[in-house]
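Biologist: I am new to this one. Could you show me how to read it?

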Amino acid sequence: LITAFLFLIAGLCGPLIGSKLEEVKRKGADVIIALDVSNSMLATDIKPSRLERAKQSLNRLIDRLEGDRIGIIVFAGEAYVQLPVTTDYNAAKMFISSINPDIVPTQGTAIGAAIDLAKDSFTDTTRKHSAIVIITDGENHEDDAVESARNAAEAGIKVYTIGMGSAEGAPIPIYSNGAVVGFKQDNSGQTVVTKLNPEMLTEIAEAGNCRFIRSSTSYDRIPVVLKELNALDKKEFKAKM
C-alpha cells in the first residue's frame, strides 16, 4: 500500500523525460559573413591556404559569439546565400565545412554582388543592428564594391573587410584528385601570382563606416573582429532553442 501510494504521488507530479523546443529571448546583432571562394583563395601564402585559414577563423569566431545571429554568403563571379541568418551555430559550422570553390559555378570576385545580396538578406527592417563581414583577398574584378558598401552604410549596415593573403602573393594552384598538378597561367604562359589588395579592402570598409582587418598566419585576428562586433547595437529577439 505504501509503495502504491508513492507511485500515485509520483504519477500526480507528472514526471517527463526527453527534450523539447522552447522559445527564449536573446539579445544580439545580425551578422552576415560573405566569404570569397574564388580560385585565388586557394593560394598558400597563408597556411594551409587562404580559404582554409578563413574557414578555421570562422569556426573560432562562431565558438565565441554570444547571442548574435549569423548568416553565410559565398561569392566568386556571383554571390549565393549559403545559410540564412540563424542562431543555429552548429548548422553554420556544418555549412562552413562544406565550402570550396566548386560550389560557385562562375569564377571571378564580385565583392559588390556579395554586399548587395547580404544587404537584402537581413530580416531586421531597421538594419541598425546589422553588419556584413567580407573575407577576401580583395582582388575585385566584377563590380563597384565601394559603391555597394556605401549603399549598405546608408541603410544602417556596417561593412567590415578581412584581408586574406600577403603583399608578396602566391601562385594559384590547380588541383586534380586532391593533389596539386600545376599553377594557373595567363594567356602568355606566365604563372599568375595573386596578391592581397589592402587598398581596395580599406576603401570598401571606409565606405561601409567600418575598418579593414588584415589577417596573417602569425596573428589571430578573431579577438579584433569580436571586439568590433560586440560594439554593434544589440536587439532583443526570440529564438527556438
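Modeller: Let's start with L21, which sits in the loop between α1 (2-13) and β1 (23-28); helices (H or I, at least four residues) and strands (E, at least two) are DSSP runs, numbered from the N terminus. Please keep in mind that this is a predicted model, where local features need pLDDT of at least 70 and side-chain atom pairs count only at pLDDT 80 or more, while totals for chains, interfaces and linings use all residues. Residues are numbered from 1 along each chain as its sequence is written, and side-chain values use heavy atoms, with hydrogens and water left out.

Biologist: Is L21 buried or exposed?

Modeller: Buried means under 20% relative accessible area, exposed over 50%, and partly exposed in between (1.4 Å probe, protein chains only). L21 has a relative accessible area of 65%, so L21 is exposed. Its C-alpha atom is separated by 16 Å from that of F237, 216 residues apart along the chain.

Biologist: Which residues form the nonpolar patch on the surface?

Modeller: Patches are made of residues with over 30% relative accessible area and no salt bridge: like charges are joined within 9 Å, and nonpolar side chains (Val, Leu, Ile, Met, Phe, Trp, Tyr) within 5 Å. A salt bridge is a side-chain nitrogen of Lys or Arg within 4 Å of a carboxyl oxygen of Asp or Glu. Accessible areas come from the Shrake-Rupley method with a 1.4 Å probe; for residues, only the protein chains shown count as cover. Here I2, F5, L6, L8, I9 and L12 form the nonpolar patch, with about 680 Å² of accessible area together. L8 belongs to helix α1.

Biologist: And which residues gather in the patch of negative charge?

Modeller: Asp and Glu count as negative and Lys and Arg as positive; His and the chain ends are not counted. A charge is placed at NZ of Lys, CZ of Arg, CG of Asp or CD of Glu. The negative patch on the surface gathers D116, D120, E142, D143, D144, E203 and E206. The elements giving two or more residues to this patch are α4 (111-121) and α6 (198-207). E142 lies in the loop between β5 (130-136) and α5 (145-154), and E142 counts as partly exposed because its relative accessibility is 42%.

Biologist: What does T86 touch, not counting residues up to four places away in sequence?

Modeller: Contact means heavy atoms within 4.5 Å. T86, in strand β4 (residues 79-86), touches R69 and I70 on that count.
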